Amino acid sequence: MTFKLVLLRHGESAWNKENRFCSWVDQRLTENGIKEAQTCGNVLKAAGFEFDLVLTSILSRSIQTAWLVLQEMGQEWVPIESSWRLNERHYGALIGLNRAELAALHGEEKVKVWRRSYDVTPPPIDESHANYKEIYTDRRYNFCDVTKDKLPKTESLKEVLDRLLPYWNEVVAPEVKKGKTILISAHGNSTRALLKHLEGIPDDEIINLTLPTGIPVLLELDECLRPVKHHKLLGDPQAIQAAIKKVEDQGKAKGTPAAVN
């Protein structure tokens, strides 16, 4: 018996469009992000998916994407559960900064390490940061399974996986084993962390895994929840490749970079 799990990075948000580190700042989808989510719903509907449960982070762009996908599929009634443990990686002091401008200052490789590496942690956010109060006074974090003072101030991808694994083991995995078809509408890094865990991607190779916004990822698992084949991005192949390139280009400096440190 095999189980189907669909993973999804939310549609484009305003700060995705502006090429800024969005992280835990709450953003809604752009018009293009709405279209991405709707297209995703049509792709999944055409492929015959019938979901039993949808899981999201507690960030609006993740939840909004799930709503739009289910609406396109005619499956609005499917239960949705949300957890902070599916939130995007906390980028600490990098939140709000433009990736291309950082690449011009620090070099594209340094920015790639900050964005994609497994165990490199950015500088932490502190109270002087413009978005600190917005994040840590947000009412949604009153309902987490940890107190606010235990929430991260920065994270590596490894730390994202560390906070995600209890949720996978205690909530998601048991539902998958019951035979439920589940959609996880989350974020680039929480999805990458989960794929790393399930597919056993080596620490030094995860830096090369790119997930575009709004493209569903199919993972088929055996009874022990081991992949029976490599994950597959669903949709038009040319559109998928264009979307991957768009994400990879976000970390590149525009024009001639300034002096590199």
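Helices H7 and H8 are roughly perpendicular to each other (65 to 115 degrees), because their packing angle is about 75 degrees. The model is predicted: local features need pLDDT of at least 70 and side-chain atom pairs count only at pLDDT 80 or more, whereas totals for chains, interfaces and linings use all residues. Residues are numbered from 1 along each chain as its sequence is written, and side-chain values use heavy atoms, without hydrogens and water.

**H7 and H8**
- H7 spans residues 157-177 and H8 residues 188-199, and their axes (lines fitted to C-alpha atoms over the stretch in contact) lie 9 Å apart.
- On the H7 side, the contact (heavy atoms within 4.5 Å) includes Leu157, Leu161 and Trp168, while Ala193, Leu194 and His197 are among the H8 residues involved.
- This contact comprises 9 nonpolar, 3 polar and 1 charged residues.

**H4 and H5**
- H4 (residues 99-106) packs against H5 (residues 108-116) at about 130 degrees, with the axes 7 Å apart.
- That angle makes H4 oblique to H5.
- Arg99, Leu102, Ala103 and His106 of H4 meet Glu108, Lys110, Val111, Trp114 and Arg115 of H5.
- By class, the contact of H4 with H5 has 4 nonpolar, 1 polar and 4 charged residues.

**Cysteines**
- The count of disulfides (cysteine sulfur pairs within 2.5 Å) is 0.
- The closest cysteine sulfur to that of Cys144 belongs to Cys22, 17 Å away, which is too far for a bond.

Terms used
Axes are lines fitted to C-alpha atoms, for helices over the stretch in contact, and angles run from 0 to 180 degrees between N-to-C directions. Helices (H or I, at least four residues) and strands (E, at least two) are DSSP runs, numbered from the N terminus. Angles under 35 degrees count as roughly parallel, over 145 as roughly antiparallel, 65 to 115 as roughly perpendicular and the rest as oblique. Ala, Val, Leu, Ile, Met, Phe, Trp, Tyr, Cys and Pro count as nonpolar, Asp, Glu, Lys and Arg as charged, and the others, Gly among them, as polar.
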